[in-house]
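Here is a short report on one protein chain.

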Amino acid sequence: MLRQKFGLSAFETDLVVLCAGRVLDANVASLIGGRPTFGYAYAHLAGAHLDASVPTRPLRGNRLLVLEPGVPALEAQLTIDDRILSYLLGVPTIDERLLPHILQASDAGPLTSEQLEVVDRLERALGATSWIQVHGGEQSTRLALLRAAASRRGLQLLVLRAGSLALVGAEAELLRRLVEREGRLGDWLPTLAIDPFDNADVARSVRAFADGITVPCAISAPDSIPISGAVASLAVPTTTAADRHNLWTSALHGRNFDFDRLAQQFQLEPGQITGLASTIDEATTFAMLWTACRDASRQPLDDLAQRIEPLATWESLVVAPNTLASLRDLISQLAKRHQVHERWGFARGDRRGQAITALFHGPSGTGKTHAAEVIARAAEVDLYHIDLSQVVDKYVGETEKRLRRIFDAAETGGAVLLFDEADALFGKRGNIERGTDRWANLEVSYLLQRMERYRGIAILTTNAKDMIDHAFLRRISFVVPFAFPEVSLRAELWRRVFPSDTPLAGIEPTKLAHLQLTGANIRSIAVRAAFHAARDRSSVTMAHLLLAARSEYAKLERPFPEAEVRSWEGRQA
């Protein structure tokens with residue numbers, strides 16, 4: 001079998017037997033007087049051919065025999081490789097030098113009907129191509145598809161971290177030879193698993209590896225990797241809401257939960273659904289299951305954006321009536337989206353217009369982030385803050401990659417994405433006068449496309465709406481103004497800014513409202529005044545607020561309105 005797998009000549013086969021016999025039989029060792037060499041073999045074995053010692057021949061090229069280092073090939077003592085000896089003895093194993101590079105994949109759970117169709121195509125491709133590739137979806141699902149296809153061919157997956165291929169020189173060559181050897185020795189399908197956070201160097205290493213290996217292999221990647229040769233590249237089909245509904249009802253039959261809502265909100269893999277279902281007992285409520293699903297969908301996005309715990313409520317939101325009406329309309333559309341688009345048929349034939357996107361525009365501190373918290377809490381989903389000024393990259397194509405990772409990770413849980421500093425990317429697109437203008441336009445177009453396909457809510461904020469291209473604004477579902485608060489709103493902000501447990505004495509919101517401040521400034525003053533009162537061991541008074549307000553104006557580098565507070569002076573003693 002070894003001779004057939006590696007194309008050994010009769011002479012090369014005898015030399016392998018001789019080296020194995022020396023280890024296994026003391027009589028052989030005493031007969032040849034130590035370890036054999038190529039020179040000994042040429043002199044004593046029949047059918048000798050001098051090219052057997054060439055590095056490109058199977059004995060050395062596949063490391064079946066190991067040469068004594070630092071000695072000419074004909075004189076170097078030969079030792080049979082431990083992995084080859086184990087194979088001859090029928091001991092199932094893997095070369096221990098590969099163990100640090102092996103990835104232990106988690107169970108993906110049952111496969112859907114569409115995924116099984118992909119398995120059928122992969123299984124057929126294994127017999128016709130040198131490489132098969134699965135891209136998209138979760139790593140566990142990609143590997144499950146490859147594992148199912150390989151098993152139909154009597155193979156097992158040997159999953160290696162693609163990042164390990166970034167080795168250089170002799171280390172890289174050794175790893176390639178060991179992987180290729182395992183592919184020949186055992187019933188293995190070497191599989192290179194690319195992580196979403198692997199950089200471009202890893203993809204280049206995979207392509208270089210693919211060019212040099214001669215056994216069938218597989219690739220599991222978030223995105224398709226272009227490699228030369230015969231390649232079958234298939235995408236992971238996304239589980240449909242119907243698939244997820246069926247999985248939930250099958251795993252938790254008898255429980256009266258809103259599985260339709262779970263299936264619509266969380267794009268969990270089958271393995272995740274069965275795993276969560278296994279933790280459910282009689283005491284588990286739907287709210288607890290919802291929270292568990294939300295937690296399970298967080299991890300990919302937690303590595304890419306800042307999660308904000310949404311604590312704000314409708315009662316704490318103080319904005320103009322037209323702004324409040326727009327926000328409530330947005331929440332209503334989210335709640336009824338499935339009914340209108342799916343059950344009433346508006347999605348049939350045209351998938352556009354289903355996304356919920358919003359642009360919050362207005363001065364800093366007017367409640368844009370606060371409103372995003374209210375929306376996330378009302379929808380019972382996570383809120384993630386993404387600073388677009390940090391996402392935009394000067395290198396061509398990098399901005400799209402970062403945006404793709406964010407949206408792909410967010411799809412699982414349908415989180416609210418809050419893109420801050422939107423004008424950093426969505427500024428008016430001018431004529432293409434420079435090479436970089438073309439790429440900037442592509443970045444805007446890419447983001448627009450991803451927003452229109454996103455299942456959750458994407459909110460953009462800007463302090464300068466006039467800088468946003470009107471062509472972009474037409475593709476936003478809700479354009480919500482957050483104006484500088486008028487006197488009546490500022491008075492309401494002062495009334496609501498103090499928690500119910502805060503001791504107050506003589507606070508007059510109508511007078512405080514004459515200070516030209518945003519909600520964020522008002523909160524900052526209230527907190528500072530509370531610390532002043534705590535230091536004085538007293539309730540919060542107008543005097544404390546006046547002291548805190550002076551500090552806030554100094555921080556803003558604005559002149560303090562002495563005329564506005566002159567009427568307070570007689571009450572500050």
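Helices (H or I, at least four residues) and strands (E, at least two) are DSSP runs, numbered from the N terminus. This is a predicted model, in which local features need pLDDT of at least 70 and side-chain atom pairs count only at pLDDT 80 or more, while totals for chains, interfaces and linings use all residues. Residues are numbered from 1 along each chain as its sequence is written, and side-chain values use heavy atoms, with hydrogens and water left out.

## Overall shape

The protein chain holds 27 helices and 13 strands. Its radius of gyration is 33 Å, well over the 25 Å that the globule rule gives for 573 residues, so the chain is more spread out than a compact globule. That radius is taken over C-alpha atoms, and the globule rule is 2.2 Å times the number of residues to the power 0.38. Along the principal axes, the C-alpha atoms fill a box of roughly 115 × 60 × 55 Å.

Of the 573 residues, 47% count as buried. Buried means under 20% relative accessible area, exposed means over 50%, and partly exposed lies in between (1.4 Å probe, protein chains only). The chain exposes about 28100 Å². Carbon and sulfur atoms supply 52% of that area. Accessible areas come from the Shrake-Rupley method with a 1.4 Å probe; for residues, only the protein chains shown count as cover.

A contact means heavy atoms within 4.5 Å. Among contacts between residues at least 6 apart in sequence, 74% join residues at least 24 apart.

## Charges and salt bridges

The chain has 65 positive and 68 negative side chains. Lys and Arg count as positive and Asp and Glu as negative; His and the chain ends are not counted. The centres of the two sets lie 3 Å apart, with each charge placed at NZ of Lys, CZ of Arg, CG of Asp or CD of Glu.

Side chains of opposite charge can pair when their charged atoms come close. A salt bridge here is a side-chain nitrogen of Lys or Arg within 4 Å of a carboxyl oxygen of Asp or Glu. By this rule the count comes to 26 salt bridges. The table gives examples.

| Positive residue | Negative residue | Closest N to O |
| Arg294 | Asp382 | 3.9 Å |
| Arg550 | Glu562 | 2.7 Å |

Take the pair of Asp382 and Arg294, joined by a salt bridge. Asp382 lies in the loop between α17 (368–379) and β10 (383–387) and Arg294 in helix α14 (residues 286–296), so the pair ties together parts that are 88 residues apart in sequence. Asp382 is buried at 6% relative accessible area. Arg294 is buried too, at 18%.

Arg450 is buried, with a relative accessible area of 7%. Asp408 is partly exposed, at 40%.

Arg550 and Glu562 also form a salt bridge. Arg550 lies in helix α26 (residues 542–556) and Glu562 in helix α27 (residues 562–565), so the pair ties together parts that are 12 residues apart in sequence. Arg550 is partly exposed at 32% relative accessibility, and Glu562 is partly exposed at 34%.

Salt bridges that share partners join Asp81, Asp95, Arg97 and Arg181 into one network.

## Single residues

Ser205 belongs to helix α10 (residues 200–212). Ser205 is buried, with a relative accessible area of 16%. Leaving out residues up to four places away in sequence, Ser205 touches Leu165 and Ala166.

Ala491 is found in helix α23 (residues 487–496). Ala491 counts as buried, at 6% relative accessibility. Leaving out residues up to four places away in sequence, Ala491 touches Pro509 and Ala513. The C-alpha atoms of Ala491 and Ile32 are separated by 101 Å. Along the chain, these two residues are 459 residues apart.

Now the backbone. Arg63 has a phi near 55°, a positive value in a residue other than glycine. Arg63 sits in the loop between α5 (58–61) and β1 (65–67) and is partly exposed at 26% relative accessibility. Glu557 is not a glycine either, yet has a positive phi of about 60°. Glu557 lies in the loop between α26 and α27. At 74% relative accessibility, Glu557 is exposed.
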